[in-house]
Amino acid sequence: MKRTPLYDFHRAHGKMVEFAGYEMPIWYTSTVEEHMAVRNRAGIFDVSHMGRVNVTGPDAGRFVESLFPTWLGKQPNGKSVYTLLLNKDAGIVDDLIVLKMDEERYLLVINAASKAKDLKHMEASRGGLDSKMDDITDFTTMIAVQGPSAVEALQPLTPLPLAEMKRFTHSSSTVNGVGAIITRTGYTGEDGFEIILHDTTSRAMAVWEALMNGAAPCALGARDSLRLEAGLPLYGSDMDEATNPLEADLGWVISKDKQSYVGWERLASLMQKGPSKVRRGIIMNERIPRREFKVTDNAGAEIGMVTSGTFSPILKKGIAMGYVKAPSSQLGDAVKVVVRDAPSNGKIVKFPFYDDSLYGWKRKPHQ
Amino acid sequence: MPYQVLDGLFYTKEHEWARVTGDTAKVGITDYAAKTLNDIVYLTIPSAGQEVKQLGSFGTVESIKAVSELYAPLSGTVTSTNQELTNHPELINESPYEAGWIIELKPSKFEEEKKSLLSPRQYEELLRSLDAEHQD
(Lines give C-alpha, C1' and ligand atoms only; values in the text may rest on other atoms or scores of the structure.)
Protein backbone atom coordinates (compact mmCIF):
# COMPACT_ATOMS: atom_id res chain seq x y z
CA MET A 1 0.00 0.00 0.00
CA LYS A 2 1.17 3.54 -0.75
CA ARG A 3 1.92 6.19 1.87
CA THR A 4 1.82 9.97 1.62
CA PRO A 5 4.69 12.19 2.86
CA LEU A 6 2.59 12.86 5.99
CA TYR A 7 2.13 9.17 6.81
CA ASP A 8 4.15 9.25 10.04
CA PHE A 9 1.80 11.85 11.52
CA HIS A 10 -1.29 9.87 10.51
CA ARG A 11 0.10 6.63 11.89
CA ALA A 12 0.95 8.27 15.22
CA HIS A 13 -2.32 10.16 15.67
CA GLY A 14 -5.01 8.61 13.50
CA LYS A 15 -7.05 5.49 12.93
CA MET A 16 -5.76 4.12 9.63
CA VAL A 17 -7.69 2.59 6.73
CA GLU A 18 -7.01 1.69 3.10
CA PHE A 19 -8.31 4.26 0.62
CA ALA A 20 -7.64 4.11 -3.14
CA GLY A 21 -4.46 2.14 -2.57
CA TYR A 22 -3.16 4.48 0.15
CA GLU A 23 -2.90 4.03 3.91
CA MET A 24 -4.87 7.03 5.13
CA PRO A 25 -6.42 8.20 8.41
CA ILE A 26 -10.20 7.87 8.77
CA TRP A 27 -10.20 10.02 11.94
CA TYR A 28 -7.79 11.50 14.48
CA THR A 29 -10.08 12.40 17.40
CA SER A 30 -13.63 12.06 16.13
CA THR A 31 -15.32 12.65 12.79
CA VAL A 32 -17.94 14.95 14.35
CA GLU A 33 -15.29 17.08 16.12
CA GLU A 34 -13.23 17.37 12.95
CA HIS A 35 -16.35 18.18 10.90
CA MET A 36 -17.35 20.96 13.30
CA ALA A 37 -13.79 22.35 13.41
CA VAL A 38 -14.03 22.93 9.63
CA ARG A 39 -17.52 24.47 9.77
CA ASN A 40 -16.67 26.75 12.69
CA ARG A 41 -12.93 27.48 12.38
CA ALA A 42 -10.46 25.66 10.13
CA GLY A 43 -9.21 22.17 9.45
CA ILE A 44 -6.34 20.67 7.45
CA PHE A 45 -6.54 17.53 5.34
CA ASP A 46 -3.78 15.51 3.74
CA VAL A 47 -5.02 15.14 0.16
CA SER A 48 -1.65 14.01 -1.22
CA HIS A 49 -3.27 10.80 -2.48
CA MET A 50 -5.15 12.81 -5.13
CA GLY A 51 -3.59 12.61 -8.60
CA ARG A 52 -1.63 15.61 -9.88
CA VAL A 53 -0.79 15.64 -13.56
CA ASN A 54 1.01 18.34 -15.56
CA VAL A 55 -0.16 18.79 -19.13
CA THR A 56 2.44 20.82 -21.04
CA GLY A 57 3.64 21.60 -24.52
CA PRO A 58 2.90 23.86 -27.49
CA ASP A 59 -0.49 22.13 -28.00
CA ALA A 60 -1.40 21.80 -24.30
CA GLY A 61 -4.20 24.36 -24.65
CA ARG A 62 -5.73 22.60 -27.64
CA PHE A 63 -5.36 19.26 -25.90
CA VAL A 64 -7.21 20.24 -22.69
CA GLU A 65 -9.81 22.09 -24.77
CA SER A 66 -10.50 18.83 -26.64
CA LEU A 67 -11.06 16.95 -23.37
CA PHE A 68 -13.36 19.07 -21.21
CA PRO A 69 -16.89 20.53 -21.60
CA THR A 70 -15.77 23.79 -19.95
CA TRP A 71 -13.84 26.50 -21.83
CA LEU A 72 -10.27 26.59 -20.54
CA GLY A 73 -8.41 28.48 -23.28
CA LYS A 74 -10.61 31.53 -22.71
CA GLN A 75 -9.79 31.54 -19.00
CA PRO A 76 -7.09 33.88 -17.71
CA ASN A 77 -3.86 32.40 -16.40
CA GLY A 78 -4.23 31.66 -12.70
CA LYS A 79 -7.76 30.32 -12.97
CA SER A 80 -8.76 27.03 -11.24
CA VAL A 81 -11.70 25.35 -12.97
CA TYR A 82 -13.90 22.52 -11.72
CA THR A 83 -14.86 20.32 -14.67
CA LEU A 84 -15.54 16.77 -15.82
CA LEU A 85 -13.72 14.27 -17.97
CA LEU A 86 -16.29 12.52 -20.19
CA ASN A 87 -16.29 9.48 -22.43
CA LYS A 88 -17.80 9.63 -25.94
CA ASP A 89 -21.20 8.61 -24.51
CA ALA A 90 -21.00 11.61 -22.12
CA GLY A 91 -20.51 9.26 -19.15
CA ILE A 92 -18.43 10.81 -16.38
CA VAL A 93 -14.89 9.38 -16.35
CA ASP A 94 -13.84 11.67 -13.47
CA ASP A 95 -14.38 15.07 -11.90
CA LEU A 96 -11.37 17.29 -11.45
CA ILE A 97 -9.87 20.73 -11.02
CA VAL A 98 -7.82 22.17 -13.88
CA LEU A 99 -5.31 24.87 -12.93
CA LYS A 100 -4.44 27.03 -15.91
CA MET A 101 -0.84 28.15 -15.33
CA ASP A 102 -0.45 29.59 -18.84
CA GLU A 103 -1.30 28.69 -22.45
CA GLU A 104 1.19 25.81 -22.47
CA ARG A 105 0.93 24.55 -18.88
CA TYR A 106 -2.07 23.09 -17.10
CA LEU A 107 -2.15 21.15 -13.83
CA LEU A 108 -4.94 18.61 -13.37
CA VAL A 109 -6.00 17.46 -9.89
CA ILE A 110 -7.90 14.19 -10.24
CA ASN A 111 -9.34 11.48 -8.00
CA ALA A 112 -6.84 8.99 -6.61
CA ALA A 113 -8.87 5.95 -7.59
CA SER A 114 -9.41 7.27 -11.15
CA LYS A 115 -5.84 8.30 -11.94
CA ALA A 116 -4.76 5.31 -14.04
CA LYS A 117 -7.91 5.26 -16.19
CA ASP A 118 -7.90 9.07 -16.57
CA LEU A 119 -4.33 9.02 -17.88
CA LYS A 120 -5.17 6.22 -20.30
CA HIS A 121 -8.35 7.95 -21.46
CA MET A 122 -6.59 11.28 -21.98
CA GLU A 123 -3.61 9.75 -23.79
CA ALA A 124 -6.01 7.88 -26.11
CA SER A 125 -7.70 11.22 -26.93
CA ARG A 126 -4.49 13.16 -27.60
CA GLY A 127 -4.25 12.37 -31.32
CA GLY A 128 -1.23 14.05 -32.86
CA LEU A 129 -1.19 17.04 -30.50
CA ASP A 130 2.22 18.14 -29.28
CA SER A 131 1.62 17.89 -25.54
CA LYS A 132 2.76 15.57 -22.79
CA MET A 133 1.40 14.48 -19.44
CA ASP A 134 3.59 14.12 -16.36
CA ASP A 135 2.26 12.50 -13.22
CA ILE A 136 3.79 14.59 -10.42
CA THR A 137 1.75 13.00 -7.60
CA ASP A 138 4.75 11.26 -6.02
CA PHE A 139 6.95 14.36 -6.16
CA THR A 140 4.54 16.70 -4.40
CA THR A 141 2.49 16.93 -1.19
CA MET A 142 -1.04 18.33 -1.17
CA ILE A 143 -2.77 19.81 1.87
CA ALA A 144 -6.26 21.33 2.01
CA VAL A 145 -6.89 24.15 4.52
CA GLN A 146 -10.65 24.55 4.85
CA GLY A 147 -13.05 26.59 6.97
CA PRO A 148 -14.05 30.19 7.75
CA SER A 149 -10.65 30.78 9.42
CA ALA A 150 -8.63 29.30 6.55
CA VAL A 151 -7.07 32.67 5.64
CA GLU A 152 -5.96 33.24 9.25
CA ALA A 153 -4.57 29.70 9.47
CA LEU A 154 -2.51 29.89 6.28
CA GLN A 155 -1.51 33.58 6.07
CA PRO A 156 1.28 33.45 8.71
CA LEU A 157 3.11 30.88 6.54
CA THR A 158 2.99 32.57 3.13
CA PRO A 159 3.85 36.00 1.66
CA LEU A 160 0.91 35.67 -0.76
CA PRO A 161 -1.87 38.14 0.22
CA LEU A 162 -4.60 35.51 0.67
CA ALA A 163 -7.52 37.81 1.43
CA GLU A 164 -7.10 39.35 -2.04
CA MET A 165 -7.30 35.97 -3.80
CA LYS A 166 -10.59 35.16 -5.48
CA ARG A 167 -12.21 31.74 -5.18
CA PHE A 168 -11.18 29.41 -8.01
CA THR A 169 -7.89 31.17 -8.67
CA HIS A 170 -4.36 30.06 -7.87
CA SER A 171 -0.87 31.47 -7.53
CA SER A 172 2.70 30.25 -7.06
CA SER A 173 4.32 31.21 -3.79
CA THR A 174 5.91 29.62 -0.73
CA VAL A 175 4.43 28.06 2.40
CA ASN A 176 6.76 27.91 5.41
CA GLY A 177 9.62 28.47 2.94
CA VAL A 178 8.63 25.61 0.64
CA GLY A 179 7.76 26.32 -2.99
CA ALA A 180 4.04 25.79 -3.56
CA ILE A 181 1.00 26.39 -5.71
CA ILE A 182 -1.86 27.78 -3.65
CA THR A 183 -5.39 27.48 -5.07
CA ARG A 184 -8.50 28.89 -3.41
CA THR A 185 -10.56 25.73 -3.81
CA GLY A 186 -11.67 22.74 -1.76
CA TYR A 187 -14.39 20.17 -1.38
CA THR A 188 -16.02 20.89 1.97
CA GLY A 189 -18.44 23.69 1.05
CA GLU A 190 -16.28 26.13 3.03
CA ASP A 191 -13.86 28.82 1.95
CA GLY A 192 -10.32 27.53 1.88
CA PHE A 193 -7.17 26.67 0.03
CA GLU A 194 -5.43 23.67 -1.42
CA ILE A 195 -1.65 23.77 -1.30
CA ILE A 196 0.53 21.76 -3.65
CA LEU A 197 4.03 21.65 -2.14
CA HIS A 198 7.00 20.94 -4.41
CA ASP A 199 8.43 18.77 -1.67
CA THR A 200 7.86 15.37 -0.05
CA THR A 201 10.44 15.49 2.74
CA SER A 202 10.41 16.58 6.38
CA ARG A 203 9.91 20.12 5.06
CA ALA A 204 6.42 19.06 3.91
CA MET A 205 5.75 17.62 7.37
CA ALA A 206 6.94 20.92 8.87
CA VAL A 207 4.30 22.75 6.80
CA TRP A 208 1.59 20.41 8.16
CA GLU A 209 2.78 20.95 11.73
CA ALA A 210 2.97 24.74 11.29
CA LEU A 211 -0.59 24.77 9.91
CA MET A 212 -1.73 23.00 13.08
CA ASN A 213 -1.23 26.30 14.94
CA GLY A 214 -4.36 27.60 13.25
CA ALA A 215 -6.24 24.52 12.05
CA ALA A 216 -7.23 21.07 13.34
CA PRO A 217 -6.02 17.92 11.57
CA CYS A 218 -9.01 16.31 9.85
CA ALA A 219 -9.26 12.93 8.18
CA LEU A 220 -11.24 11.10 5.50
CA GLY A 221 -14.35 10.60 7.67
CA ALA A 222 -14.85 14.36 8.07
CA ARG A 223 -13.90 14.98 4.44
CA ASP A 224 -16.76 12.71 3.40
CA SER A 225 -19.38 14.08 5.83
CA LEU A 226 -18.42 17.68 4.92
CA ARG A 227 -18.66 17.21 1.16
CA LEU A 228 -21.95 15.34 1.54
CA GLU A 229 -23.47 18.04 3.76
CA ALA A 230 -22.36 20.59 1.14
CA GLY A 231 -24.10 18.54 -1.60
CA LEU A 232 -20.87 17.76 -3.46
CA PRO A 233 -20.81 14.41 -5.27
CA LEU A 234 -18.06 11.84 -4.69
CA TYR A 235 -16.77 10.15 -7.81
CA GLY A 236 -17.28 6.39 -7.69
CA SER A 237 -20.18 6.71 -5.21
CA ASP A 238 -22.46 9.44 -6.55
CA MET A 239 -21.40 9.33 -10.20
CA ASP A 240 -19.54 7.06 -12.55
CA GLU A 241 -19.25 6.30 -16.26
CA ALA A 242 -22.91 5.25 -16.36
CA THR A 243 -23.92 8.77 -15.22
CA ASN A 244 -24.00 11.86 -17.44
CA PRO A 245 -23.46 15.44 -16.22
CA LEU A 246 -27.15 16.36 -16.47
CA GLU A 247 -28.17 13.43 -14.29
CA ALA A 248 -25.42 14.29 -11.81
CA ASP A 249 -26.78 17.88 -11.53
CA LEU A 250 -23.48 19.14 -12.92
CA GLY A 251 -24.86 20.65 -16.12
CA TRP A 252 -23.44 24.02 -14.97
CA VAL A 253 -19.91 22.91 -15.90
CA ILE A 254 -20.97 22.61 -19.57
CA SER A 255 -20.05 25.67 -21.64
CA LYS A 256 -23.13 25.82 -23.88
CA ASP A 257 -21.30 27.45 -26.80
CA LYS A 258 -18.53 24.85 -26.81
CA GLN A 259 -18.25 21.90 -29.21
CA SER A 260 -15.75 19.31 -30.36
CA TYR A 261 -14.69 17.87 -27.01
CA VAL A 262 -15.03 14.21 -26.09
CA GLY A 263 -18.72 13.44 -25.47
CA TRP A 264 -20.21 16.72 -26.78
CA GLU A 265 -22.36 15.19 -29.53
CA ARG A 266 -24.05 12.88 -27.06
CA LEU A 267 -24.38 15.71 -24.54
CA ALA A 268 -26.04 17.94 -27.14
CA SER A 269 -28.78 15.35 -27.73
CA LEU A 270 -29.13 14.68 -23.98
CA MET A 271 -29.64 18.39 -23.34
CA GLN A 272 -32.57 18.44 -25.77
CA LYS A 273 -34.62 15.82 -23.97
CA GLY A 274 -33.43 16.28 -20.36
CA PRO A 275 -32.44 13.55 -17.89
CA SER A 276 -34.78 10.76 -16.71
CA LYS A 277 -33.15 10.72 -13.28
CA VAL A 278 -31.33 13.40 -11.36
CA ARG A 279 -29.06 13.69 -8.31
CA ARG A 280 -30.91 15.28 -5.41
CA GLY A 281 -30.63 15.72 -1.66
CA ILE A 282 -32.94 14.04 0.81
CA ILE A 283 -33.26 15.15 4.41
CA MET A 284 -34.80 12.66 6.84
CA ASN A 285 -37.19 13.21 9.74
CA GLU A 286 -35.73 10.15 11.46
CA ARG A 287 -33.10 7.45 10.86
CA ILE A 288 -29.95 7.60 8.74
CA PRO A 289 -30.06 6.81 5.03
CA ARG A 290 -27.14 4.81 3.63
CA ARG A 291 -25.79 3.90 0.21
CA GLU A 292 -28.06 1.61 -1.88
CA PHE A 293 -31.16 2.19 0.25
CA LYS A 294 -34.26 2.49 -1.94
CA VAL A 295 -36.18 5.74 -2.32
CA THR A 296 -39.94 5.60 -2.85
CA ASP A 297 -42.65 8.20 -3.30
CA ASN A 298 -45.06 8.75 -0.44
CA ALA A 299 -47.29 5.95 -1.77
CA GLY A 300 -44.44 3.45 -1.77
CA ALA A 301 -43.59 3.28 -5.49
CA GLU A 302 -39.85 3.10 -6.08
CA ILE A 303 -38.42 6.31 -7.55
CA GLY A 304 -34.70 6.01 -6.90
CA MET A 305 -31.70 5.00 -4.85
CA VAL A 306 -29.39 6.55 -2.27
CA THR A 307 -25.76 6.84 -3.39
CA SER A 308 -24.32 8.47 -0.22
CA GLY A 309 -25.85 8.89 3.21
CA THR A 310 -24.74 10.06 6.60
CA PHE A 311 -25.76 11.93 9.72
CA SER A 312 -25.37 15.69 9.36
CA PRO A 313 -23.54 17.10 12.40
CA ILE A 314 -24.94 20.57 11.59
CA LEU A 315 -28.59 19.59 11.06
CA LYS A 316 -28.50 16.64 13.46
CA LYS A 317 -30.52 14.63 10.97
CA GLY A 318 -29.89 11.88 8.47
CA ILE A 319 -29.07 13.21 4.99
CA ALA A 320 -28.59 11.52 1.66
CA MET A 321 -27.82 12.21 -1.94
CA GLY A 322 -29.10 9.89 -4.56
CA TYR A 323 -30.89 9.65 -7.86
CA VAL A 324 -34.64 10.15 -8.20
CA LYS A 325 -36.88 10.05 -11.27
CA ALA A 326 -36.98 13.24 -13.31
CA PRO A 327 -38.79 15.44 -14.04
CA SER A 328 -41.54 13.94 -11.80
CA SER A 329 -39.58 14.36 -8.55
CA GLN A 330 -39.58 17.95 -7.35
CA LEU A 331 -37.84 19.87 -4.59
CA GLY A 332 -40.02 19.77 -1.48
CA ASP A 333 -41.61 16.41 -2.34
CA ALA A 334 -42.19 14.07 0.59
CA VAL A 335 -40.45 10.75 -0.05
CA LYS A 336 -39.51 7.64 1.89
CA VAL A 337 -36.14 5.98 2.23
CA VAL A 338 -36.32 2.29 3.06
CA VAL A 339 -33.99 1.90 6.05
CA ARG A 340 -33.54 -1.84 6.75
CA ASP A 341 -37.19 -2.63 5.81
CA ALA A 342 -38.56 0.49 7.52
CA PRO A 343 -39.90 3.11 5.07
CA SER A 344 -38.78 6.34 6.76
CA ASN A 345 -39.98 9.86 6.03
CA GLY A 346 -37.83 12.35 4.19
CA LYS A 347 -38.03 15.28 1.81
CA ILE A 348 -36.27 16.21 -1.42
CA VAL A 349 -34.22 19.36 -0.81
CA LYS A 350 -31.74 21.57 -2.63
CA PHE A 351 -27.99 21.52 -1.98
CA PRO A 352 -26.29 22.40 0.26
CA PHE A 353 -28.21 20.82 3.12
CA TYR A 354 -27.25 23.59 5.56
CA ASP A 355 -28.43 27.21 5.59
CA ASP A 356 -25.81 28.88 3.38
CA SER A 357 -26.17 32.21 5.14
CA LEU A 358 -24.83 30.51 8.30
CA TYR A 359 -22.38 27.91 6.94
CA GLY A 360 -20.21 27.46 3.88
CA TRP A 361 -18.24 29.95 1.80
CA LYS A 362 -21.28 32.15 1.07
CA ARG A 363 -21.96 32.75 4.76
CA LYS A 364 -22.35 36.28 6.03
CA PRO A 365 -19.25 37.47 7.91
CA HIS A 366 -19.48 37.29 11.69
CA GLN A 367 -20.56 40.49 13.38
CA MET B 1 -4.79 -2.59 26.65
CA PRO B 2 -6.13 0.70 25.24
CA TYR B 3 -9.75 -0.28 26.00
CA GLN B 4 -11.51 -0.31 29.34
CA VAL B 5 -13.01 -3.61 30.54
CA LEU B 6 -14.92 -3.46 33.82
CA ASP B 7 -15.04 -6.20 36.42
CA GLY B 8 -18.42 -7.50 37.52
CA LEU B 9 -19.98 -7.39 34.02
CA PHE B 10 -20.87 -10.13 31.55
CA TYR B 11 -19.72 -9.67 27.94
CA THR B 12 -20.68 -10.96 24.49
CA LYS B 13 -18.28 -11.71 21.65
CA GLU B 14 -20.16 -8.98 19.77
CA HIS B 15 -18.98 -6.36 22.30
CA GLU B 16 -22.07 -5.82 24.44
CA TRP B 17 -22.05 -5.91 28.24
CA ALA B 18 -24.68 -6.74 30.89
CA ARG B 19 -24.66 -5.57 34.50
CA VAL B 20 -26.98 -7.79 36.52
CA THR B 21 -28.41 -6.26 39.70
CA GLY B 22 -31.12 -8.27 41.49
CA ASP B 23 -33.59 -9.37 38.84
CA THR B 24 -32.75 -6.71 36.24
CA ALA B 25 -29.84 -6.25 33.86
CA LYS B 26 -28.58 -3.08 32.24
CA VAL B 27 -27.13 -3.57 28.77
CA GLY B 28 -24.75 -1.45 26.71
CA ILE B 29 -21.83 -1.67 24.31
CA THR B 30 -18.22 -1.91 25.43
CA ASP B 31 -15.54 0.77 25.35
CA TYR B 32 -13.93 -1.15 22.47
CA ALA B 33 -17.18 -1.09 20.46
CA ALA B 34 -17.72 2.61 21.18
CA LYS B 35 -14.15 3.55 20.22
CA THR B 36 -14.24 1.41 17.08
CA LEU B 37 -17.49 2.98 15.91
CA ASN B 38 -16.05 6.42 16.75
CA ASP B 39 -18.86 9.00 16.80
CA ILE B 40 -22.16 7.47 17.80
CA VAL B 41 -24.91 9.65 16.36
CA TYR B 42 -28.06 7.51 16.20
CA LEU B 43 -29.74 4.53 17.83
CA THR B 44 -32.71 2.37 16.98
CA ILE B 45 -33.79 0.48 20.10
CA PRO B 46 -36.89 -1.39 21.28
CA SER B 47 -39.40 0.13 23.68
CA ALA B 48 -40.26 -1.18 27.14
CA GLY B 49 -42.30 -4.38 27.08
CA GLN B 50 -40.62 -5.90 24.05
CA GLU B 51 -38.97 -9.30 24.27
CA VAL B 52 -35.36 -9.84 23.28
CA LYS B 53 -33.54 -13.13 22.70
CA GLN B 54 -29.97 -13.89 23.75
CA LEU B 55 -27.64 -12.94 20.88
CA GLY B 56 -30.62 -11.81 18.83
CA SER B 57 -30.42 -8.36 17.27
CA PHE B 58 -32.40 -5.84 19.34
CA GLY B 59 -31.51 -2.68 17.48
CA THR B 60 -28.76 -0.71 15.78
CA VAL B 61 -26.18 1.83 16.77
CA GLU B 62 -24.87 4.15 14.07
CA SER B 63 -21.81 6.31 13.64
CA ILE B 64 -21.29 8.91 10.92
CA LYS B 65 -19.84 6.18 8.71
CA ALA B 66 -21.40 2.86 9.70
CA VAL B 67 -24.31 0.90 11.13
CA SER B 68 -23.73 -1.80 13.73
CA GLU B 69 -26.25 -4.34 15.07
CA LEU B 70 -26.88 -4.60 18.79
CA TYR B 71 -27.03 -8.15 20.19
CA ALA B 72 -28.72 -8.94 23.49
CA PRO B 73 -26.44 -10.54 26.08
CA LEU B 74 -29.49 -12.15 27.71
CA SER B 75 -33.05 -13.08 26.83
CA GLY B 76 -35.78 -11.19 28.60
CA THR B 77 -38.30 -8.36 28.59
CA VAL B 78 -37.18 -4.76 28.10
CA THR B 79 -38.14 -2.83 31.25
CA SER B 80 -36.74 0.57 30.27
CA THR B 81 -34.54 2.36 27.76
CA ASN B 82 -32.04 5.15 28.28
CA GLN B 83 -34.02 8.26 27.27
CA GLU B 84 -30.93 10.48 27.53
CA LEU B 85 -29.51 8.79 24.44
CA THR B 86 -32.25 10.20 22.20
CA ASN B 87 -30.67 13.64 22.30
CA HIS B 88 -27.20 12.63 23.48
CA PRO B 89 -26.10 9.42 21.77
CA GLU B 90 -22.51 10.58 22.33
CA LEU B 91 -22.96 9.50 25.98
CA ILE B 92 -22.10 6.03 24.70
CA ASN B 93 -18.68 7.29 23.59
CA GLU B 94 -18.16 9.32 26.75
CA SER B 95 -19.31 6.73 29.25
CA PRO B 96 -20.01 3.34 27.65
CA TYR B 97 -20.46 1.47 30.93
CA GLU B 98 -22.39 4.05 32.98
CA ALA B 99 -24.30 7.01 31.49
CA GLY B 100 -24.23 5.32 28.07
CA TRP B 101 -26.25 2.23 29.03
CA ILE B 102 -28.83 1.41 26.34
CA ILE B 103 -31.62 -0.81 27.66
CA GLU B 104 -32.58 -2.42 30.94
CA LEU B 105 -34.21 -5.81 30.84
CA LYS B 106 -35.61 -8.46 33.10
CA PRO B 107 -33.68 -11.63 32.20
CA SER B 108 -35.81 -14.75 31.77
CA LYS B 109 -33.07 -17.40 31.73
CA PHE B 110 -30.11 -15.76 33.46
CA GLU B 111 -28.67 -18.82 35.23
CA GLU B 112 -28.69 -20.88 32.05
CA GLU B 113 -27.59 -18.12 29.66
CA LYS B 114 -24.77 -16.62 31.72
CA LYS B 115 -22.67 -19.70 30.89
CA SER B 116 -22.39 -18.61 27.29
CA LEU B 117 -21.26 -15.08 28.15
CA LEU B 118 -17.65 -13.99 28.59
CA SER B 119 -16.08 -13.01 31.90
CA PRO B 120 -14.03 -9.76 32.01
CA ARG B 121 -10.81 -11.84 31.70
CA GLN B 122 -12.18 -13.78 28.72
CA TYR B 123 -13.34 -10.57 27.06
CA GLU B 124 -9.90 -8.98 27.56
CA GLU B 125 -8.43 -12.07 25.93
CA LEU B 126 -10.77 -11.58 22.94
CA LEU B 127 -9.68 -7.93 22.63
CA ARG B 128 -6.02 -8.94 22.74
CA SER B 129 -6.57 -11.40 19.91
CA LEU B 130 -8.41 -8.74 17.84
CA ASP B 131 -5.61 -6.28 18.52
CA ALA B 132 -3.02 -8.84 17.39
CA GLU B 133 -4.91 -9.30 14.10
CA HIS B 134 -4.60 -5.60 13.39
CA GLN B 135 -0.86 -5.36 13.96
CA ASP B 136 1.31 -5.00 10.88
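Predicted model: local features only at pLDDT ≥ 70, side-chain atom pairs only at ≥ 80, totals over all residues.
Residues are numbered from 1 along each chain as its sequence is written, and chains are lettered from A and ligands numbered from 1 in the order in which they are written.

**View 1. Chain B contains 5 helices and 9 strands.** Helices (H or I, at least four residues) and strands (E, at least two) are DSSP runs, numbered from the N terminus. Along the sequence, their pattern in chain B is β-β-β-α-β-β-β-β-β-α-α-β-α-α.

**View 2. Buried residues account for 43% of the 136 residues in chain B.** A residue is buried if 20 or more other C-beta atoms, placed from the backbone, lie within 10 Å of its own. The C-alpha atoms of chain B fill a box of roughly 45 × 35 × 20 Å along the principal axes.

**View 3. In chain A, 6 strands form an open sheet of mixed pairing, in the order E10-E11-E12-E9-E3-E13.** Two strands pair if DSSP finds at least two bridges between them. Strands E10 (170–175) and E13 (216–218) of chain A stand at the edges with a single partner strand each, so one side of each lacks a neighbour in the sheet.

**View 4. Strands E10 and E11 (residues 178–183) of chain A run antiparallel and are joined by 6 bridges.** Within this pair, Ser172(A) has Ile181(A) in E11(A) as its bridge partner.

Technical notes. Buried ≥ 20, exposed ≤ 12 C-beta atoms within 10 Å, placed from the backbone.
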